[in-house]
Structure formats: structure tokens, C-alpha cells
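Colleague: I'd like to go through this model with you, one detail at a time. Shall we put it on screen first?

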Amino acid sequence: FFLSFAHASCTEDEFILAGFWSPYEITEEGFEKYKNCGLNTVQFTNHSRDASAAEVWAASDPVLSKTRYYLGSELTKQSLEMCRKTGLKAILDDNGAHFDTGDTPYSTRESYEEYRDIIVGMHVADEPSAIKMPEYCTPSRVADFKQTYGDLPFLINLLPNPAPIESYGNVSYAEYLQTYADTVLKSFPENPVVSVDYYPYHKAQEKYNKDRVNCTQAETSWLECYYEVSSLALEYDATLHFYIQSAESNEFVKTLYEEDMRHQLYVGLCFGGTRFTYYCYSVPGFYRENATSVENPMYTACLVDANNQPTHLYDYVKEINAEIQAFASAFKAYKFVRCMASYLEDYYSERFSSSLYTLSTYNELDFSDRRFVKNIDAEYNCLIGCFEREEDEAYMLVGYDYWSADETQTVTVTLKNDATHLAVYGGEGFTGEPTVVEAKDGKCTLRIKGGEGKFIVPLKA
């Protein structure tokens, strides 16, 4: 038999993994620390000093240039050079170029041509309302961006669903997404990206944790939000980018467990995500020039703490990033089709079931259009992402709504049309070599831990 997957080692076949609120320490040591937890891209968002966009552009204050990311700041140039030195990619932050009243906000500012080989995106706005989106995409601004940066991804991070309707601009979420499509996606069809930041472990979820062991109950609307944005990305053939919660306390739960972190990544992969940003890497707060710690920290822990030291979350993410990058080239060889769910009504999971109840495409498992899989039967609740390429197909299986970090379930994959084996990638501790499972009586049996994912590729004899 043959293994039906792609082999590649170039960075294009890796997941883009970044950290929001990038390192305060713009040193080789600081960036190596960032890289050592498996992050490969520095997202230039770190608002360590309060300033409006107008203040940024009018700034003559040399301290501002050293402490804020914007096109032309000393901090941006210094960080690009540090990315070059440490082998990291970069996402620029225009930090208000769209507020400039001129028609050429990009070509008239520093464009960093000597760093184009390591720049993988331009962060333009975070959670804008539908009212603001046309401002980013006037014909003159779109033309200026393309003339200056070509097909560099034009990144706008969307609000999640649910959120107050006023945040969307007093429109429904469907209308909000359509506005994004009609403005941004249609203006930048060459390399489109759909991005959203849904954080599933809020403070209110702690009341559900009394019966759980080292894991957290996720918000009920998480999957519906991912379904909506993944559908938009699929329609416009866009790359999908998810923010991953990596902050504790304040509006979030006091403690995040390794399974909570792993769960977020694999759910994102199940919906076709290939770009991920952790919120946050550094702890947001006030950071003075040459300081060693953060004043008035927003959270008790992110990937690093208020003293810029790695936390337990750093250690979790380091392990998880390594295991998903180990099958990134195989995963990215396939195109996302849809996500389904297998769940048992008699298994107590009211919150899981309610999160899927309104999604008609989830109600029944349908493999009638699949080439090599007849059915997937899970012992408990399981998300099933469907992928395909040419004559091949693949699946992401994610154990969902588990009650203990040690809980595992049996998933049975029934094959058809001469498929005889499964190549199995991913899961806790995966290092790159797929396990090949032979079917018995046409069925392959897998064990999946709660929050864990397995990427499977049917193989023919």
C-alpha cells in the first residue's frame, strides 16, 4: 500500500504560530525565548504605551517610537532585525494607517522592502464594526497597499459570535460577516484571510468545573462561531486564522490546563485553521523603557508572566506546537470541506448538544459523498473535520466535551472502496511519523483522549 500524504519541510508547509502582545524584550535572548516555545512568527502588536493613532503619526517623542509598533517606528525596525537574526517571520502592524486622511497611507511610510522575505502579513484592525470596514478598503487605499506590499495578507481580526449587536455596527452577525466579504475579501482576493478571536474559557465557565478533573468546560457558542467563519473562508477560498486563549484571570478562568490548550488548537484545525495567534504571549500592562517587569498587569499569566518568565502555559504550548507542526505538511496538503459531529443524546452532554442543535449540517453524519470512509462512530462526543485533495481525503477527529484530562474514547472508522489502512497523525506527544492502522473487517479502531485530535488519511492497498 502507499501513504497518501505530502512531504515538505519548507516554512510554507508549517502552521503560522504567533503570540499577540509580542515580547517586551527586543533582544536576541527575548526573541529566542519566544521561538523556543514553538512560535515561528512575531505579530507586532504590543501597546505598551497608551497612544491614539493620531498621536502615533504626529509623534516626535523618541520614546514613543521605541515603545510602539507602527510603520516607521524604531521598534518595528529593531524587531524586524531581531526576527532576521533569530529566524522568525513577522506580521507588521500598520497601527492606524487607515485613519490617515491621505490616499497613500502605505507608500508614503516605511515599507521595509529589505525584510519582505520574512514578512507574512499586515495587521490592520482588531474587532472593527461593520461601519469601519469600508474605510479600510477605499479604492485608493487598496491600490496603494497593493502597489506597496503586493499580495501580502491584509489582516483584519473579526469579532466573535456572540457579541453585543452594537459592536457589529447594529447588524446581525451574518450581515457583519457579509460586510467583511464585500469589502475586505473582495478587495484582496489574491491572498485572503478570515480571522476571529473566540475565547472559550471565560470566568463564568468556572461554575461548571466542580465535576471536571484538570480540564475546563468550553462556552456553548464556540462551535457555532467557528462554523460561521469557516463557511465564509470556504466560500472565498480564504486562509483561516484563529486566536487561541492563553491568558488566565480577569475576564477568563483562573487556571488553564494543558488539555484546554490542546483542545483549542485541535478544534481550530478541525475547522480548517492553519494560522494561530495566542492571546497573549506577554502580559499586557504598562512597560517602561528598560524595565524588567510589567506594571498593572492585566492577567496573572500568559505564555510568560509579568516578569517575562515562562509560565506553565509556555510549557504546554511548547509541547503542543511541536506536535501539530510535526504533521503540518500533511495537513496543509488537503482542503477543508466541512465539519460534522458525532454525539450521543444519552451521554450527559447538554451543553455540547445545545451548541450544535441549531446547526442543521451537524445533525446527521453523512459520508455518502466521501470516497473511502463509510462511517465514523464515536463512543462519546467527537468533532469530525472532512478534508480532500484530488482523489484523496482526510479527517480530523477531536475528542470533545470530556470530563477528565485522562478520559479517552474509542472511535471506529469504517472504510470503503478498497481502503484498507489509516495513516494516523497528531495527538499528544506526536513527533512526525504516522502510525499505520490496518482495518479488520473493514474497520479501524482508534483511542482519542479528551481534547486531543488525530488527523487520519485512508490508504488503499
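Colleague: Over the face of which residue does R389 lie?

Modeller: A charge counts as sitting over a ring if NZ of Lys or CZ of Arg is within 6 Å of the ring centre and within 35 degrees of the ring normal. R389 is placed at 4.8 Å from the ring centre, and the face it covers belongs to Y334.

Colleague: Before we go on, what kind of model is this?

Modeller: Residues are numbered from 1 along each chain as its sequence is written, and side-chain values use heavy atoms, with hydrogens and water left out. Local features need pLDDT of at least 70, side-chain atom pairs count only at pLDDT 80 or more, and totals for chains, interfaces and linings use all residues, as the model is predicted.

Colleague: Thanks! And at what distance from the ring centre of W403 does R212 lie?

Modeller: The same rule for a charge over a ring, with its 6 Å and 35 degrees, applies here. R212 lies over the face of W403, and its distance from the ring centre is 4.1 Å.

Colleague: How many aromatic pairs does the structure hold?

Modeller: Rings of Phe, Tyr and Trp (its six-membered ring) pair if their centres lie within 6.5 Å; planes under 30 degrees apart are stacked, over 60 edge-to-face, and the rest tilted. The number of aromatic pairs is 40.

Colleague: How many residues apart in sequence are the parts that F20 and Y243 tie together?

Modeller: F20 and Y243 make an edge-to-face pair, 5.9 Å centre to centre with 70° between the planes. F20 is in strand β1 (residues 16–20) and Y243 in strand β7, so the parts tied together are separated in sequence by 223 residues. For the strand labels, helices (H or I, at least four residues) and strands (E, at least two) are DSSP runs numbered from the N terminus.

Colleague: Is the pair of Y34 and Y281 stacked or edge-to-face?

Modeller: The ring centres of Y34 and Y281 are 4.7 Å apart. Their planes stand at 65°, so the pair is edge-to-face.

Colleague: How many disulfides are there?

Modeller: A disulfide needs two cysteine sulfur atoms within 2.5 Å. The sulfur of C302 is 4.6 Å from the closest cysteine sulfur, in C280, which is too far for a bond. For C386 the closest is in C339, at 7.6 Å, again too far. The count of disulfides is zero.

Colleague: What relative accessible area does C302 have?

Modeller: Buried starts under 20%. C302 is buried, and its relative accessible area is 0%.

Colleague: Where in the fold does L71 sit?

Modeller: L71 is buried, with a relative accessible area of 4%. L71 and Y112 are 41 residues apart in sequence and 8.8 Å apart in space, C-alpha to C-alpha. The place of L71 is the loop between α3 (62–67) and α4 (74–86).

Colleague: Last one: how much space lies in the largest pocket?

Modeller: On a 1 Å grid over the protein atoms alone, a pocket is an open set of points with protein on both sides within 12 Å along at least five of seven lines, and lining residues have an atom within 4 Å of a point. Grid points are joined across faces, edges and corners, and a volume is the space filled by probe spheres set on the points. The space in the largest pocket is about 960 Å³.

How values were computed. Buried means under 20% relative accessible area, exposed over 50%, partly exposed in between (1.4 Å probe, protein chains only). On a 1 Å grid over the protein atoms alone, a cavity is a set of points where a 1.4 Å probe fits but cannot get out, and a pocket is an open set with protein on both sides within 12 Å along at least five of seven lines; lining residues have an atom within 4 Å of a point.
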